[in-house]
Amino acid sequence: MWLKLSTLALLPVLFIQGRKVRQHTPHLPEASGEREGTVGQGPPLSILILGDSAAAGVGVSTQQEALSGAIISKLQNQYRLHWKLQAKTGDTTRQVYQTVQQLDQQCYDVIVTSIGVNDVTKLTSAKSWLKQQKQLITYIKEKFQPKLIIVSGVPPMQHFPALPHPMAWLFGRYAEQMNRALQHWLVSQADTRFIQYDLEKFQVMNLPMASDGFHPGKEIYAIWGQQVATLVRQTFTHH
């Protein structure tokens with residue numbers, strides 16, 4: 001409730017700050033390169049990556065340096081990977097859900113999601129966001145029959161260099177509430193794992209974000225890909 005009130009109180013400021021941020025933040029393209037393929041050797045493993053601009057690799061120039069490339073480089077020596085990336089800058093949970101409905105029905109062993117930042121900037125409440133996430137994840141399970149779903153948490157937007165306060169503070173609160181609600185629900189879901197986006201740790205390690213102060217830099221994508229690869233190995237080594 002207090003978040004709703006804070007939001008209402010800050011709306012005039014958010015409007016002004018939002019316009020400034022849009023004017024002054026460089027608009028970076030999605031990473032170039034292949035968005036699906038087969039690579040590596042070992043037992044077959046299929047991966048589908050779904051999401052927004054971070055999944056699409058905004059902040060680095062090629063998919064090799066982005067999330068998909070980081071995951072592939074960590075797993076291709078152990079698995080024959082069949083992978084596909086379906087991601088678009090600006091997509092909210094609802095838009096990802098609509099996109100997924102258009103995809104061909106096939107089985108994927110692993111599905112990785114990165115969604116939430118655009119829901120925050122649209123000031124979606126944690127309650128309705130969780131409802132949309134539940135709908136998406138339930139649908140993904142039915143359609144693709146994955147053995148593992150890896151859900152990437154919403155980044156702590158209060159630490160985004162591109163965002164001024166109080167906007168950064170408010171977005172950070174939204175992200176926090178969304179993550180808490182989602183993690184709480186995922187506990188009851190078999191075969192799902194949650195990855196925390198630990199931006200404070202990255203900053204302590206001096207890992208740069210992208211030049212727009214809004215997206216991951218190359219090293220952060222590499223760590224994210226490593227986290228995904230670790231969860232994949234934990235799940236599939238004993239299969």
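In what follows, Ala, Val, Leu, Ile, Met, Phe, Trp, Tyr, Cys and Pro count as nonpolar, Asp, Glu, Lys and Arg as charged, and the others, Gly among them, as polar. The model is predicted, so that local features need pLDDT of at least 70 and side-chain atom pairs count only at pLDDT 80 or more, whereas totals for chains, interfaces and linings use all residues. Residues are numbered from 1 along each chain as its sequence is written, and side-chain values use heavy atoms, with hydrogens and water left out.

A search of the whole structure finds two cavities of 30 Å³ or more, a cavity being a set of points, on a 1 Å grid over the protein atoms alone, where a 1.4 Å probe fits but cannot get out, with lining residues having an atom within 4 Å of a point. The second largest cavity, with a volume of about 30 Å³, is lined by I47, I49, S68, I71, I72, L81 and W83. Two or more of these residues come from each of β2 (44–51), α2 and β3 (80–87), where helices (H or I, at least four residues) and strands (E, at least two) are DSSP runs numbered from the N terminus. The largest share, three residues, belongs to α2, and by class this lining has six nonpolar, one polar and no charged residues.

Helix α2 (residues 67–75) also packs against helix α8 (residues 218–236), their axes coming within 8 Å and crossing at roughly 45°; axes are lines fitted to C-alpha atoms, for helices over the stretch in contact, and angles run from 0 to 180 degrees between N-to-C directions. The two helices α2 and α8 are therefore oblique to each other, a term for angles that are not under 35 degrees (roughly parallel), over 145 (roughly antiparallel) or 65 to 115 (roughly perpendicular). On the α2 side, L67, A70, I71, K74 and L75 meet residues of α8 that include Y221, W224 and V232, contact meaning heavy atoms within 4.5 Å. This contact of α2 with α8 has 10 nonpolar, two polar and two charged residues.

Among the residues that line the largest cavity are S152, Y197, F202 and W224, and its lining comprises five nonpolar, four polar and no charged residues.

Notes: On a 1 Å grid over the protein atoms alone, a cavity is a set of points where a 1.4 Å probe fits but cannot get out, and a pocket is an open set with protein on both sides within 12 Å along at least five of seven lines; lining residues have an atom within 4 Å of a point. Grid points are joined across faces, edges and corners, and a volume is the space filled by probe spheres set on the points.
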